[in-house]
Amino acid sequence: MSERGEANGRARRQKGADPSEGPRTGSRLRRLLRLLGVLAVIVLPVNAFVARPFAVPSSSMENTVRPGDRLLVNKLAYAFDGHPRRGDVVVFDGRGHFVRGVAKRTGVLEGLRSLGRDLGLMPAGETIFFMRVMGVGGDRVTSTGPGGRITVNGVPIDESSYLAEGDEPSDVAFDVVVPDGKLWVMGDHRSASHDSRDHLGDPAGGFVPERRVIGRAEWVVYPFGHWTGVDRSAAFAATAGTDGHRDRR
């Protein structure tokens with residue numbers, strides 16, 4: 001081949017004239033889309049019925065869980081006639097009780113956000129809350145305010161193992177009896193938690209219906225340095241057998 005012919009060949013190659021490149025790129029894209037479809041078929045039913053990841057949006061449960069932590073929530077924890085127990089860390093939908101008048105968003109962008117929340121890639125929505133169960137149906141939960149412990153059915157609760165450093169058990173006094181089928185919930189970072197205490201004057205009285213509970217927090221799975229189980233506190237063991245309706249240990 002002449003020098004001139006070789007130069008022309010090099011010029012064509014530098015321009016990227018490769019007729020097979022387009023089909024290869026299309027094939028890779030199709031494989032990626034198929035993989036995403038398979039993942040969606042596997043992950044979304046698990047999210048709907050068994051377990052779901054949640055990204056923690058706020059500091060209300062520090063230091064048990066922190067903003068940005070990814071929690072794995074057991075959606076079967078209270079299935080088959082089970083009930084939340086004192087000390088459980090639960091995830092619940094606060095619409096109609098903690099949050100009122102939230103407009104439903106629509107559109108493609110909101111659909112992508114919703115998918116990101118379902119996969120635990122984005123923070124949970126503004127109606128989703130992470131709290132510790134302090135009282136169940138029939139319980140009397142009281143606080144005398146700063147300097148005093150919270151009591152459940154007359155039993156003082158030692159919360160030193162999980163309360164945020166420097167926080168009081170409660171900076172406000174209250175005395176409530178939890179209706180049957182409802183929960184009294186509080187965050188572990190009491191000074192930063194907008195929990196049942198903040199809704200005492202609301203029509204729902206600060207109580208969360210059990211039916212609004214999505215599941216029980218089981219594990220912090222990300223970041224890996226904070227990988228840990230979210231255990232029910234032993235502080236509530238002394239309350240066994242004390243409530244007004246039924247014993248929920």
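Colleague: Is Asp195 buried or exposed in this model?

Modeller: Buried means under 20% relative accessible area, exposed over 50%, and partly exposed in between, with a 1.4 Å probe and protein chains only. Asp195 has a relative accessible area of 0%, so Asp195 is buried. Do keep in mind that this is a predicted model, where local features need pLDDT of at least 70 and side-chain atom pairs count only at pLDDT 80 or more, while totals for chains, interfaces and linings use all residues. Residues are numbered from 1 along each chain as its sequence is written, and side-chain values use heavy atoms, with hydrogens and water left out.

Colleague: Where does Asp195 lie?

Modeller: Strands (E, at least two residues) and helices (H or I, at least four) are DSSP runs, numbered from the N terminus. Asp195 is in the loop between β9 (182–186) and β10 (208–209).

Colleague: Which residues is Asp195 in contact with, leaving aside neighbours within four places in sequence?

Modeller: Contact means heavy atoms within 4.5 Å. With those neighbours set aside, Asp195 is in contact with Phe98, Met131, Val185, Met186 and Gly187. Met131 is 64 residues from Asp195 along the chain, and their C-alpha atoms are separated by 7.6 Å.

Colleague: What polar contact does the side chain of Asp195 make with another side chain?

Modeller: A polar contact is a pair of N or O atoms within 3.5 Å; within protein, one must be able to donate a hydrogen and the other to accept it, and residues adjacent in sequence count only if both atoms are side-chain atoms. The partner is the side chain of Ser193, at 2.8 Å. A polar atom of the Asp195 side chain also lies 3.2 Å from the backbone nitrogen of Gly187.

Colleague: And how should I read Asp88: buried or exposed?

Modeller: Asp88 counts as buried because its relative accessibility is 2%. Asp88 is found in the loop between β2 (70–74) and β3. Its side chain reaches the backbone nitrogen of Arg85 at 3.0 Å. Not counting residues up to four places away in sequence, Asp88 touches several residues, including Met131, Arg132 and Arg232.

Colleague: How many aromatic pairs does the structure hold?

Modeller: Rings of Phe, Tyr and Trp (its six-membered ring) pair if their centres lie within 6.5 Å; planes under 30 degrees apart count as stacked, over 60 as edge-to-face and the rest as tilted. There are seven such pairs. One of them joins Phe92 and Phe129, stacked at 5.5 Å centre to centre with 15° between the planes. That pair links distant parts of the chain, with Phe92 in strand β3 (residues 89–93) and Phe129 in strand β4 (residues 128–135), 37 residues apart. Phe92, at 1% relative accessibility, counts as buried, and Phe129 counts as buried at 17%. Phe92, Phe98 and Phe129 form one aromatic cluster.

Colleague: How far should I trust the coordinates?

Modeller: pLDDT is the predictor's confidence in each residue, from 0 to 100. The protein averages 79, and 69% of the residues score at least 70. Over residues 244–249 the pLDDT is below 50. Where pLDDT is low, the predicted coordinates should not be read in detail.
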